[in-house]
Amino acid sequence: MSGRASWLFASLLLCLLSACESGDHEDLRRWTQENGQQLQANIQKLPEMKPYQAVSYDVESLVDPFRPGRIEPEGKLRNSGKGGPDFDARELRNSLLEKYPLESMKMIGYLHVDRKPMAVVQVEDKVKQVRVGDYMGQDFGLVKRVTESEIELHELVQDSTGEWTERTSLLYLQSTDGGKK
């Protein structure tokens, strides 16, 4: 390329660039200016910050959550005598129904004898009559109520800390094929 041709090319390039600079984009600038005024962000103000208030923490007056003797759940037996069930009395009673867990028993019937309700309970191939005041199950279950559909027992169970706790269990009337009536 000669000097004249390079000068001609440079001046042509300069003209093209100046043509782009002219008012061809004036319509874009005007649209941006008009619409930009209408578009304002609707940002909610932050809530007012409340000042920090220190709270005193008095440890001496609170219950220690890691000391098991301080908190007793409902039904927890007070230490009376041995603090648990009478194992010797269970041996003296020698009841068949106290040798099996409650889960292995089925209530299969209900009767009235001398106007007192009785339940008929089956364990394995044996059938026994149960009255209020009898014992059932391996957790010292004392029969408290007998109805046409269930037996209510109060059992004594030992928790993880060695304390004896009373719980209520129910044995429901079932058909001989194992289904609940």
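Is Arg167 buried, partly exposed or exposed, and what is its relative accessibility? Arg167 counts as partly exposed, at 36% relative accessibility, where partly exposed is the range between buried (under 20% relative accessible area) and exposed (over 50%), computed with a 1.4 Å probe on protein chains only. The legends below concern a predicted model, in which local features need pLDDT of at least 70 and side-chain atom pairs count only at pLDDT 80 or more, while totals for chains, interfaces and linings use all residues. Residues are numbered from 1 along each chain as its sequence is written, and side-chain values use heavy atoms, with hydrogens and water left out.

**View 1. A salt bridge joins the side chains of Arg167 and Asp139.** Because Arg167 lies in strand 7 (residues 164-172) and Asp139 in the loop between strand 4 (135-136) and strand 5 (141-146), the pair ties together parts that are 28 residues apart in sequence. Strands here are DSSP runs (E, at least two residues), numbered from the N terminus. Asp139 is partly exposed, with a relative accessible area of 29%.

**View 2. Glu155 is a buried residue of strand 6.** Strand 6 covers residues 150-158, and Glu155 within this strand has a relative accessible area of 2%. The side chain of Glu155 makes a polar contact with the side chain of Ser169 at 2.6 Å; a polar contact is a pair of N or O atoms within 3.5 Å, where, within protein, one must be able to donate a hydrogen and the other to accept it, and residues adjacent in sequence count only if both atoms are side-chain atoms. Leaving aside neighbours within four places in sequence, Glu155 is in contact (heavy atoms within 4.5 Å) with residues including Asp139, Arg167 and Ser169.

**View 3. Glu98 and Arg93 form a salt bridge.** Their side chains meet at 3.0 Å, N to O. Glu98 counts as buried, at 5% relative accessibility, whereas Arg93 is partly exposed, with a relative accessible area of 32%.

**View 4. Glu124, Asp125 and Lys126 are linked in a network of salt bridges.** Within this group, the side chains of Lys126 and Glu124 meet at 3.9 Å, N to O. Lys126 counts as partly exposed, at 31% relative accessibility, while Glu124 is exposed, with a relative accessible area of 55%. The structure as a whole holds eight salt bridges.

Key:
Helix = DSSP H or I, 4+ residues; strand = E, 2+ residues; numbered from the N terminus. Salt bridge = Lys/Arg side-chain N within 4 Å of Asp/Glu carboxyl O.
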